[in-house]
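Please find below a colleague's note on the structure under review. The points are intended to be read alongside the sequence and the coordinates.

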Amino acid sequence: YRAGADVDENKLQELFGSKYLNYKVVLLKNLTGKQIDLAFRLVSGHEGSTYAKLPENDREALKALNDGTALISHNHDSFVCCLLSHGKKGIVYGSDGKNFDLNSIYNYLGPCKHLAGKPKMAFIQACQGTSIATVPSPCVEDDGDDLHTTETCDFILSCAAFHGQKSFRS
């Protein structure tokens, strides 16, 4: 369990659901590291992955994917995933403390033929290290309140390539 996850979950459902962006929202909670991996395999149609082939305990955890409407098809214009967990550099932890490698998201969604040329977005709400950044005092206005901010709080960082990959212009 991650403190505040329920608040983040509600806000994400409101944003991505029918109130604003009108995505089909599928909520999967408290997945083990293996089940996070299985969920990406299933939604992307990764070779040989079907709900019926899952062990019983995994089927129960992933039952929201059973009706097929959450699986990616040619009708989808994009894919968004939000992972709320604990983690460290390059991984998030499942509810069992087992790792899910964030590179797997690329491995499953990249070759998904139904998402070729379409946006694939993953938002990770999890620590990626143990450092705590601070803001140099000249950048902060002291109004007497306790400030909880970091040097990176106003940034969105997007890379043209993933770790170890070359970037090309077309």
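Predicted model: local features only at pLDDT ≥ 70, side-chain atom pairs only at ≥ 80, totals over all residues.

1. The protein contains four helices and five strands. Read from the N terminus, its elements follow the order α-α-α-β-β-β-β-α-β. Of its 170 residues, 26% count as buried. Among contacts between residues at least 6 apart in sequence, 61% join residues at least 24 apart.

2. The largest nonpolar core. This core has 25 residues, and the members that touch the most others are F40, L62, F79, L83 and F100. At least two residues of the core are supplied by each of α2 (33-44), β1 (79-84) and α4 (103-109). The largest share, six residues, comes from α2.

3. The surroundings of F40. Which residues does F40 touch, if those up to four places away in sequence are not counted? They are F79, C81, L83, F100, I105, Y108 and L109. F40 has a relative accessibility of 3% and is therefore classed as buried, the limit being under 20%.

4. The three-stranded sheet. An open sheet is formed by three strands in the order β2-β3-β4, and their pairing is antiparallel. Strand β3 (residues 91-93) runs antiparallel to β4 and is joined to it by three bridges. Within this pairing, V92 has F100 of β4 as its bridge partner. Helix α2 packs on the sheet, where it touches β3 and β4, and its direction makes about 30° with that of β4.

5. Aromatic pairs: F16 and F123. The count of aromatic pairs in the model comes to three. In one of them, the ring centres of F16 and F123 are 6.3 Å apart and the planes stand at 35°, so the pair is classed as tilted. Because F16 belongs to helix α1 (residues 5-16) and F123 to strand β5 (residues 120-125), the pair ties together parts that are 107 residues apart in sequence. F16 counts as buried, at 12% relative accessibility, whereas F123 is partly exposed, with a relative accessible area of 42%.

6. Aromatic pairs: F40 and F100. The rings of F40 and F100 form a stacked pair, with 5.5 Å from centre to centre and 5° between the planes. This pair links distant parts of the chain, as F40 lies in helix α2 and F100 in strand β4, 60 residues apart. F100 is buried, with a relative accessible area of 2%. Elsewhere, ring pairs link F16, Y23 and F123 into a cluster.

7. Cysteines. How many disulfides does the model contain? The count comes to zero. A disulfide is a covalent bond between the sulfur atoms of two cysteines. For C82, the closest cysteine sulfur is that of C81, at 6.4 Å, which is too far for a bond; the cut-off applied is 2.5 Å. C82 is partly exposed, with a relative accessible area of 27%. C112, by contrast, counts as buried, at 4% relative accessibility.

8. K63. This residue is found in the loop between α3 (56-61) and β1. K63 is exposed, since its relative accessible area of 51% lies over the 50% limit. Twelve residues separate K63 and Y51 in sequence, and their C-alpha atoms are 8.3 Å apart in space.

How values were computed: Residues numbered from 1 in each chain as written. Heavy atoms only, no water. Core = buried A, V, L, I, M, F, W, Y, C linked by side-chain atoms within 4.5 Å. Buried < 20%, exposed > 50% of the residue type's maximum accessible area, 1.4 Å probe, protein only. Contact = heavy atoms within 4.5 Å. Pairing = 2+ DSSP bridges. Axes fitted to C-alpha atoms, helices over the stretch in contact; angles between N-to-C directions. Phe/Tyr/Trp six-rings, centres within 6.5 Å; stacked < 30°, edge-to-face > 60°.
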